[in-house]
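Here are my notes on the model, point by point. Please read them with the structure open.

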Amino acid sequence: MTFPDMSSRAKTAFVLAVLLIAGTTAALFPRRSGDSATTNAAAATQTDSPERARRAEATPAGTRAFSGTPAGALPGEAVLFFRDTAALEAFLKNAAARGLKILGAVPALNAARVSVGEDFDAARIPGALGADFNFAVRVPATPPDAFSDAEARDVSGGLGRVPVGENALAQLGVSEEKRAASSLGAGVKIALLDTGVFAGHASLRDAKISVIDVAGGAADTADSLAHGTAVASLIAGNGENGVFGMAANADLLAVRVFDGEGNATAFELARGLVAAADAGARVISVSAGLDADSAVLRAAVEYALRAGATIVAAAGNEGVTALSFPAGYAGVISVGAVDGANASAPFSNVGENLSVVAPGVAVTAAGTSAADAATAFSGTSAAAPLVAGTLAAALADSAGTLGADALEATADDFGAPGRDAEYGAGLVNFERLTRPAGARVSDVSVNDVHCRRAEGGRAEPAVFATIQNRGTLWEDCAFSLRIVFADGTISATGGALRLSPGESAGRGAGVPEARLREGVLVEAKILDASGAVLSDRSLLLRSAD
């Protein structure tokens with residue numbers, strides 16, 4: 001079976017911007033019936049004075065009467081924002097008299113979700129600072145170009161289509177020894193905003209899981225849609241049936257934001273972020289998103305960041321040059337997907353604000369509600385929890401705070417040298433992220449060999465290699481690039497390189513378009529002073545490359 005990932009989403013032509021900083025009180029959210037320990041702990045956190053101290057006065061851009069319903073927005077709904085807690089409480093008390101139905105509230109953000117008529121105008125609401133539409137979100141569905149389970153076992157080629165399988169942790173730089181220790185993530189609380197979790201899955205046996213139910217309306221919070229269970233297994237999986245998680249010993253907080261039919265809104269995502277932050281999550285993973293720049297979601301992101309949480313979010317699976325929200329917000333670690341050969345997945349959204357990439361093509365994960373099922377899970381929904389788990393695992397070994405800067409500074413550079421729209425800062429590398437301060441490591445790598453088609457003023461395409469000093473020492477080395485054409489002729493170039501720690505360099509050679517075709521072999525090598533090969537990588541071009 002193919003596991004569902006990111007859904008297609010309606011494009012919005014309208015965003016009413018309301019810039020919010022969080023309010024002054026906390027909210028109690030609906031939780032699983034009978035889960036008193038989780039509910040009480042979260043409630044205690046929400047009423048702590050430090051939580052109150054994090055909230056500042058809201059400063060919106062202004063108010064505006066609604067007119068029509070933009071694409072992606074829920075008809076007849078608005079999210080209202082108030083100047084303070086007293087104004088929100090007064091509104092909630094008197095809303096019925098104004099003919100408005102309350103659909104939810106987040107006191108931490110001084111926000112309320114209401115049902116409104118066509119004549120609604122936020123300017124007529126006492127104490128209201130502004131309003132926004134509420135946008136629909138669907139549980140992520142199967143991305144384009146994803147594998148079925150059978151294909152994932154058999155397919156071996158095509159850029160962006162090499163299955164990851166059970167190798168995700170190794171691809172992220174986790175050694176067999178470290179994985180076997182089963183201590184990754186110990187003592188770190190990581191929240192997962194999704195469809196819930198089926199804790200009875202074999203890969204989650206003995207996992208430490210607590211639950212907050214934001215969506216409500218379900219008899220329990222078991223994951224009937226299986227998406228959240230797959231995501232959870234990539235964080236806390238114990239290796240059963242080949243399902244390995246990046247932070248198997250972390251404390252996993254499953255925040256259910258989707259209902260049993262896979263529906264949510266920006267408002268539910270915002271409530272989930274606030275609930276996770278108030279529950280003390282150090283890392284929050286979001287494998288869903290929307291196209292609209294939602295005021296309430298933006299405010300919730302800012303709230304969680306001020307609370308000290310690190311937010312990791314999927315970039316989206318439409319294959320477009322735009323990141324989904326919340327991945328597109330400042331301060332959020334946005335994650336794209338690569339295949340088992342580190343090629344960018346064709347469905348993965350890209351953009352100049354992309355942070356990093358991680359495995360996301362046919363990754364072995366927990367399958368359906370059957371206790372021992374596994375599936376080939378594709379999408380940025382798979383990549384995001386692997387990055388969130390990487391941070392949780394690194395935090396367990398660190399007395400300090402690790403966030404986007406550390407993650408990006410220690411990533412393996414792919415694509416064009418330096419940061420780029422397709423790979424961000426590069427592929428997350430756990431070994432480099434957790435390397436002890438002061439370690440003396442020599443590590444020069446040919447990370448990537450690829451073809452750059454003629455564009456941007458280049459007269460002809462080029463074969464290109466990205467070399468990176470992944471160690472901690474200055475490196476002097478030699479570089480060799482060898483091209484073997486289909487007719488047997490060879491072109492070679494090379495030279496000396498001097499790289500500082502972390503530095504990347506690109507080396508390439510122009511090739512006539514007529515000669516750049518299927519069957520061309522490109523070989524790149526890094527050599528030391530004695531001529532010994534330190535790193536090498538090759539690429540055999542196919543017609544699709």
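**Notes on the predicted model**

1. The structure contains 1 cavity of 30 Å³ or more. A cavity here is a set of points, on a 1 Å grid over the protein atoms alone, where a 1.4 Å probe fits but cannot get out. Points are joined across faces, edges and corners, and a volume is the space filled by probe spheres set on them. The volume of the largest cavity is about 50 Å³.

2. On the basis of these notes: this is a predicted model, where local features need pLDDT of at least 70, side-chain atom pairs count only at pLDDT 80 or more, and totals for chains, interfaces and linings use all residues. Residues are numbered from 1 along each chain as its sequence is written, and side-chain values use heavy atoms, with hydrogens and water left out.

3. What lines the largest cavity? The residues are Gly165, Glu166, Asn167, Ala168, Leu169, Leu234, Gly242, Val243, Phe244, Val363, Thr364 and Leu386; lining means having an atom within 4 Å of a point. Helix 5 (168–171) and strand 15 (363–366) each give at least two residues to this lining. By class, the lining has 7 nonpolar, 4 polar and 1 charged. Nonpolar covers Ala, Val, Leu, Ile, Met, Phe, Trp, Tyr, Cys and Pro; charged covers Asp, Glu, Lys and Arg; the others, Gly among them, are polar.

4. The protein chain has 12 helices and 23 strands. These are DSSP runs, numbered from the N terminus: helices are H or I of at least four residues, strands E of at least two. Of the 545 residues in the chain, 54% are buried. Buried means under 20% relative accessible area, exposed over 50%, partly exposed in between (1.4 Å probe, protein chains only). Among contacts (heavy atoms within 4.5 Å) between residues at least 6 apart in sequence, 75% join residues at least 24 apart.

5. The largest nonpolar core has 66 residues. Such a core is a set of buried Ala, Val, Leu, Ile, Met, Phe, Trp, Tyr and Cys residues joined through side-chain atoms within 4.5 Å. Those with the most contacts inside it are Ile190, Val312, Ile333, Val335, Val356, Val387 and Leu407. Helix 10 (residues 380–396) supplies the largest share, 11 residues. A second, separate core has 51 residues, including Ala73, Phe81, Ala279 and Ala309.

6. Val335 deserves a look. Leaving out residues up to four places away in sequence, its contacts include Val312, Leu354, Val356, Thr380 and Val387.

7. Is helix 7 (residues 227–236) enclosed or open? It is largely enclosed by the rest of the structure, because 10 of its 10 residues are buried. Among them are His227, Thr229 and Ser233.

8. Gly351 sits in the loop between strand 13 (333–338) and strand 14 (356–359). Gly351 is buried, at 7% relative accessible area. Beyond four places in sequence, it touches Thr321, Leu323 and Ala421. Gly351 and Asp420 are 69 residues apart in sequence, yet 8.0 Å apart C-alpha to C-alpha.

9. Phe325 and Pro326 are joined by a cis peptide bond, with omega about 20°. Pro326 is in the loop between strand 12 (310–314) and strand 13. Asp206, not a glycine, has a positive phi near 70°; Asp206 lies between strand 7 (189–194) and strand 8 (208–213) and is exposed at 73% relative accessible area. Asn241 also has a positive phi, about 55°. Asn241 is in the loop between helix 7 and strand 9 (251–256) and is partly exposed, at 37%.

Technical notes: On a 1 Å grid over the protein atoms alone, a cavity is a set of points where a 1.4 Å probe fits but cannot get out, and a pocket is an open set with protein on both sides within 12 Å along at least five of seven lines; lining residues have an atom within 4 Å of a point.
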